[in-house]
Amino acid sequence: YSKTTSGMKSVYVTRPDVASIGIDLLKKECDVSSWSQAVPVPRDELLRQVVGKDAIYCALTDKIDSEIIERAGPQLKCIATISVGYEHIDVAECKKRGIRVGYTPDVLTDATAELTVALLLATSRRLFEANKEVYNGGWKSWAPDWMCGQGLKGARVGLFGFGRIGQEIAARLVPFKPSKLTYTARTERTTEAVKLNAERVSFDEMLCESDFIVACCALTPETKEIFNTDAFKKMKSNAIFINSARGGVVDQTALCAALKDKRILGAGLDVTTPEPLPLDDPLLKLDNVVILPHIGSADVNTRIEMSRITALNILAGLKGEKMVAEVSI
Ligand code: DGY
C-alpha cells in the first residue's frame, strides 16, 4: 500500500514549488508527485492524489481535514505545511492517528513583520489613494489639506498577539516614536515586553485607547471574529486597524460597516475572507481600506527557506527523526 514501485516513500505536493527547492530535496529520497498549476489543487483531485501517500506537502489553501486524512490511508506518516499557520489542518485528527505535522515558523517572521509595517504606513499615509490620484488627474496641486493621513509619531499602538511576529512588528515600530506600545496576549511576556517597552493591556483597553491596532495573532476558536461590531464600536474614530494574521479573526461585514460609516479611520488588510476577495466585495468600493493579497511572507529568500524546511520536515517525519519545526499536538 505505502511503497511505490521504486520502493521509496511517496509524497504528494499540493503546490508548484519555489524554485524547485523543496521538491528537489524530496526527490533525492522519495517518490514525488505534485500539482503543477498556480491555482490550488481542486478538492476531488486532492482526494484522488493522496491515496496511498506516506506524506503530504501542503499549503494554507488546502483543507486537510479528516476526509483527506482518511482517504490517504493508514500509512500516512506526516503532513507538512509551507506556512506558520496550520488552522487548515485537522491536528486533532492527526494526533488521533499518530500523524506528525510540520510547519515553518521563525523563517517568515521578519518578512511578515516588514510587510505589516509597510501596510500600516501605506494605510495611515494613504499611499495607494494618493498614488491613484497621480494617474487619474486628481493631482491638481500641492495643497496643505490634501491627502493628509495620520502619523505614527506620538500615536498609541496596540498589538493583538505578541508572539514572534508581534514582537518583530513592535521592534520595527519603535524608531517611529509611538507614544506607547501595548499588547494583548494570552500569556504575559514580561522579558520580551521590557525590551520593547511594551505594556500588556486588556483587549477592551486596547480597543478603546489605541490609534493603531494590529492583529498579528493565530486564528483559533478564541480569536475567530474577535474583531466584531462590538470591537469596532469601542475603537477611537481615528483608529487604524491592520490585519496581517488571518481574515477569520475579523467579522468582515462589521469591519466594512465601520469603515463605511467612518466609525474608524481606516484599515489595512493583508488577509481577508475569502481569499481571493471577490471583485464585487463591498470592501473594494471603499477609499479608506488598503487590501493586499496575503503577501506577508512573500520575499524570495523567505519562501525558498519555507520550501526547504517543509521538505526537511517531511523527510524527518518519514524517518521518525526530529523535524526542523513540528506542531506540538
Ligand atoms: C503563514 O505562513 O501562515 C502565512 O500566512 C503565509 O506565509
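**Notebook: pockets, ligand, loops**

I began with the second largest pocket and found that α5 (109–124), α6 (127–136), α11 (252–260) and β12 (289–291) each give at least two residues to its lining. Helices (H or I, at least four residues) and strands (E, at least two) are DSSP runs, numbered from the N terminus. A pocket here is an open set of 1 Å grid points, over protein atoms alone, where a 1.4 Å probe fits, with protein on both sides within 12 Å along at least five of seven lines; lining residues have an atom within 4 Å of a point.

The model is predicted: local features need pLDDT of at least 70 and side-chain atom pairs pLDDT 80 or more, while totals for chains, interfaces and linings use all residues. Residues are numbered from 1 along each chain as its sequence is written, and side-chain values use heavy atoms, without hydrogens or water.

I then looked up how much space the second largest pocket holds, and the value is about 590 Å³. Its lining has 26 residues. Nearest its centre I noted E129, L286, D287, N288 and V289. Sorted by class, the lining of this pocket has 13 nonpolar, six polar and seven charged residues.

Next I turned to the ligand. Which residues are around the ligand? I listed L60, S83, V84, G85, L108, R246, H294, S297 and M306, each with a heavy atom within 4 Å. By class, this shell has four nonpolar, four polar and one charged residues.

I checked the polar contacts (N or O atoms within 3.5 Å). The side chain of H294 has a polar atom 2.6 Å from an oxygen atom of the ligand. S297 also places a side-chain N or O atom 2.6 Å from a ligand oxygen. For G85 I found a backbone N or O atom, 2.9 Å from an oxygen atom of the ligand. The ligand taken alone exposes 230 Å², and the protein buries 90% of that (Shrake-Rupley, 1.4 Å probe).

I counted eight aromatic pairs, with ring centres within 6.5 Å. One of them joins Y86 and Y103, edge-to-face, at 5.4 Å centre to centre and 85° between the planes. Y86 sits in the loop between β4 (78–81) and α4 (91–97), and Y103 in the loop between β5 (100–102) and α5, 17 residues apart.

Last, I went through the backbone. Most peptide bonds are trans, and most residues other than glycine have a negative phi. Where is P274? I placed P274 in the loop between β11 (266–269) and β12; the bond from T273 to P274 is cis, with omega near -10°. P276 is also in the loop between β11 and β12, and the bond from E275 to P276 is cis, with omega near -5°. D106, in the loop between β5 and α5, has a positive phi near 70°.

Definitions and conventions. Polar contact = N/O pair within 3.5 Å; in protein donor to acceptor, adjacent residues only side chain to side chain. Nonpolar A, V, L, I, M, F, W, Y, C, P; charged D, E, K, R; others polar. Points joined across faces, edges and corners; volume = space filled by probe spheres on them. Phe/Tyr/Trp six-rings, centres within 6.5 Å; stacked < 30°, edge-to-face > 60°.
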